[in-house]
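Trainee: I am new to this structure and would like a close look at one part of it, the place where two of the chains meet. Please take me through it slowly.

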Protein chains: 4
Amino acid sequence: MRQTESRTRVRYKETDQMAIAHHANYIVWFEIGRTDLCREAGFPYREIEQRGLILVVTEIVCRYRAPYGYDDEVVIRTSIEEAASRMMRFRYELRDASGERLHATGSSSHVWVDRTTRRPVLAAADVMKAFEPWLKAVSEQA
Amino acid sequence: MRQTESRTRVRYKETDQMAIAHHANYIVWFEIGRTDLCREAGFPYREIEQRGLILVVTEIVCRYRAPYGYDDEVVIRTSIEEAASRMMRFRYELRDASGERLHATGSSSHVWVDRTTRRPVLAAADVMKAFEPWLKAVSEQA
Amino acid sequence: MRQTESRTRVRYKETDQMAIAHHANYIVWFEIGRTDLCREAGFPYREIEQRGLILVVTEIVCRYRAPYGYDDEVVIRTSIEEAASRMMRFRYELRDASGERLHATGSSSHVWVDRTTRRPVLAAADVMKAFEPWLKAVSEQA
Amino acid sequence: MRQTESRTRVRYKETDQMAIAHHANYIVWFEIGRTDLCREAGFPYREIEQRGLILVVTEIVCRYRAPYGYDDEVVIRTSIEEAASRMMRFRYELRDASGERLHATGSSSHVWVDRTTRRPVLAAADVMKAFEPWLKAVSEQA
């Protein structure tokens, strides 16, 4: 399974009065991973939008195992669990700086939507092609 | 099933460049619902923390059905799906101002943790008692 | 000086590990005040944007006097310090629930910008007219 | 004037429906710069807090010159404008990836506060010493 790795640090703003990173930030970190995967795939999300497509979120799941503290480095590993012309599902692992300790896992499901009409559409062939290396990995895995 | 109702409006800061409320905000709105349910139960979350207990999030699930636009009113209906001295699960429905249209559903699971030792603990009897009206509703429902 | 009053509560997400509301949230609360003033003026910001105008922020100043804790009620009092067809400046006071204690003061300066060309423009007469009651107050004050 | 340089990218969550980074995020980016300056000074902010000191914000000023779009790289250059045992003022420049284009400037003022009593205190000698290279720069500049 091919993974894209991103790194960020817990911002002071992202802590809460439990003195840990607030759980809603994990959803934002997932998005950083998704953005980096798209960029690595040679099809930055910015270009996907310029093409008139948006990836609307239909479901988020996040399982929290270990908290992060302020200024901790967060390693985000993003992979594709399902990719089709109608929908996509990304999978995320959040780890510590060494990559050894698992802090959280999660997924996000999306449908392709036309940016103007806001109706579901099929992703264009070259958009799907950009994700091929991850797709192949998925089928090889199966 | 007893529900606590909260209301908020989509802040400009909460929109994104799709011109809808960003999906991570739903997790924050869930928390508003949880806070209001605890206050309505006569045991504000602030007091729970002063008692040395924190409710650590272990899982978040959110299913998105319809987007919110800027300044839209968001109705949050919060109920308790499971309540035990070791863990709790809240359930959320996000609706439009009229309460008719369902925008999202979700849940959050939590464990009771000692604020100082950060280890799982059993919630004190009077904390659990505060949630009784919702608990009864759950058992009557079954 | 006419003021528009808004109320919100400090969300758990808005606290940080100092166990107070993080200072960046005050800027978001200012925006809630601005939104409510526009709505009260009979010209919701949403409509201003539908007319093809946006109010781009050019300067923010915030002076912090007293912190807010989790779940504290925040009273936002918004007034207009300067209003012209080219620019506007709003003024904010953040107070406690009783309105007696001042927690922060601040201002935001804006220019009117065409939403499509992203160039400065003059606000239309009826947009300016919506702010008249506050404008009058300003001139009477002088 | 010695500056600490930090880099971040505009997250999708940080855009708003004007399709630019929302202005409140600049305040959070300032904080990233401040955190990195403290780390570079050999006295991470995390350690400052462990010593029982917190740097409470008393004033924020931000002047916005040019917007950032989604996924744009943000270069944060942080310097110290004033440093005393009672208060500190940091200065920020936000630039594009090349460092050539200025997007915003700003400052944050702080007082040293005892974390437990929440009363103003004098910063310990070794905390102040950590900022010396920047302090020297300030006096040489004068």
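How many residues of chain C are in contact with how many residues of chain B?

Mentor: This is a predicted model in which local features need pLDDT of at least 70 and side-chain atom pairs count only at pLDDT 80 or more, while totals for chains, interfaces and linings use all residues. Residues are numbered from 1 along each chain, chains are lettered from A and ligands numbered from 1 in the order written, and side-chain values use heavy atoms, with hydrogens and water left out.

Between chain C and chain B, 18 residues of chain C are in contact with 18 residues of chain B, contact being heavy atoms within 4.5 Å. Together the two chains bury about 1,800 Å² (accessible area for a 1.4 Å probe that is lost on being put together, summed over both parts), and carbon and sulfur atoms give 42% of that area. On the side of chain C, Arg11(C), Arg46(C) and Tyr70(C) supply 36% of the area buried against chain B, more than any other three residues.

One of these three, Arg46(C), also forms a salt bridge with Asp72(B), where the closest N and O atoms are 2.9 Å apart. There are six salt bridges between chain C and chain B (a Lys or Arg side-chain nitrogen within 4 Å of an Asp or Glu carboxyl oxygen). As for the elements involved, β1 (4–9), α1 and α2 (45–50) of chain C each give two or more residues to the side that touches chain B, and α1(C) provides the largest share, with six residues. Sorted by class, this side of chain C has six nonpolar, two polar and ten charged residues.

Chain B has another partner in chain A, and 24 residues of chain B are in contact with 24 residues of chain A. Here the buried area is about 2,000 Å², with 53% of it given by carbon and sulfur atoms, and Met18(B), His23(B) and Tyr64(B) supply 27% of what chain B buries against chain A, more than any other three residues. The salt bridges between chain B and chain A number two, and Arg63(B) and Glu59(A) meet in a salt bridge at 2.6 Å, N to O. The side of chain B that touches chain A draws at least two residues from each of α1, α2 (45–50) and β2 (53–64) of chain B, and the largest share, eleven residues, comes from β2(B). By class, that side of chain B has 14 nonpolar, four polar and six charged residues.

Notes
Helices (H or I, at least four residues) and strands (E, at least two) are DSSP runs, numbered from the N terminus. Ala, Val, Leu, Ile, Met, Phe, Trp, Tyr, Cys and Pro count as nonpolar, Asp, Glu, Lys and Arg as charged, and the others, Gly among them, as polar.
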